Amino acid sequence: IETGLRRFHTAYNELPRKSGKSLEAAIVVLYLTFFDGEPGAEGYCCATKREQALIVFRDAKKLVKSSDLKDRIAVQVGNMHAMATESKCEPLSADYNSMDGLNPHVVIVDELHAHKDRGVLDVLETAMGARRQPVMFQITTAGDDPVSVCGDQHAYAVQILEGTLQDESFFGCIASADPGDDWQ
């Protein structure tokens, strides 16, 4: 059924270090927060530590400041906003006990492999419930713990990519060598 709404609501992107994950996520958060046609959109960049969350947020700020976007988006130290759409973008730490009242349209979850539990994901997924077509955009390098939040998301993405599981709302991208591949 063609609804005209977004197909993917979760994107899991597992890429090697220094491959541009943060810049890509900055573009995604800017577009979805300020140009997706969602009134009062809230975009958040989160990670286990505020300093890590600031990496994507700072990349987004640089993109705005270095382009004509600065005419449409106001940039402050810990916030970007557009008065015309009443939209905002902010960094968040992983203190999910203080996330009440959020109404995210897009959430960037940076370094998913460093998250110790599903607390942040669960709170933010629930908070997205009032949006018509929210997006949780997860970026990470490969983790080494298969029994973790990242391990679960990796396994889920692998099942979708291999065709053993159908989920039209989940996008998975894993850029790595397969087990047994010769790295040379």
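How many of the 184 residues of the chain count as buried, as a percentage? I got 43%, with buried meaning under 20% relative accessible area, exposed over 50% and partly exposed in between (1.4 Å probe, protein chains only).

Notes on the model: it is predicted, so I kept local features to pLDDT of at least 70 and side-chain atom pairs to pLDDT 80 or more, while totals for chains, interfaces and linings use all residues. Residues are numbered from 1 along each chain as its sequence is written, and side-chain values use heavy atoms, with hydrogens and water left out.

**Overall fold.** I looked up the secondary structure and found four helices and eight strands, taken as DSSP runs numbered from the N terminus (helices H or I, at least four residues; strands E, at least two). The order along the sequence is β-α-β-α-β-β-β-β-α-β-α-β. The radius of gyration is 17 Å against 16 Å from the globule rule for 184 residues, so the chain is as compact as a globular protein of that length. That radius is over C-alpha atoms, and the rule is 2.2 Å times the number of residues to the power 0.38. I also checked contacts (heavy atoms within 4.5 Å): among those between residues at least 6 apart in sequence, 71% join residues at least 24 apart.

**Cores.** Next I went for the nonpolar cores, meaning sets of buried Ala, Val, Leu, Ile, Met, Phe, Trp, Tyr and Cys residues joined through side-chain atoms within 4.5 Å. The largest has 23 residues, and Met-80, Ile-108 and Phe-137 touch the most other members. Helix 1 (21–34) and strand 7 (135–140) are among the elements that each supply at least two residues; helix 1 gives the most, with seven. A second, separate core of 20 residues includes Val-107, Val-109, Met-128 and Ala-157. I listed the neighbours of Met-80 too, leaving out residues up to four places away in sequence; they include Leu-30, Phe-57, Val-64 and Cys-89.

**Aromatic pairs.** I counted two, using ring centres within 6.5 Å for Phe, Tyr and Trp (its six-membered ring), with planes under 30 degrees apart as stacked, over 60 as edge-to-face and the rest as tilted. Phe-8 and Phe-171 are edge-to-face, at 5.3 Å and 65°. They sit 163 residues apart, Phe-8 in the segment before strand 1 and Phe-171 in strand 8. Phe-8 is partly exposed at 27%, and Phe-171 is partly exposed at 34%. Tyr-156 and Phe-170 are at 4.9 Å and 75°, so that pair is edge-to-face. This one links helix 4 to strand 8, 14 residues apart. Tyr-156 is partly exposed at 28%, whereas Phe-170 is buried at 6%.
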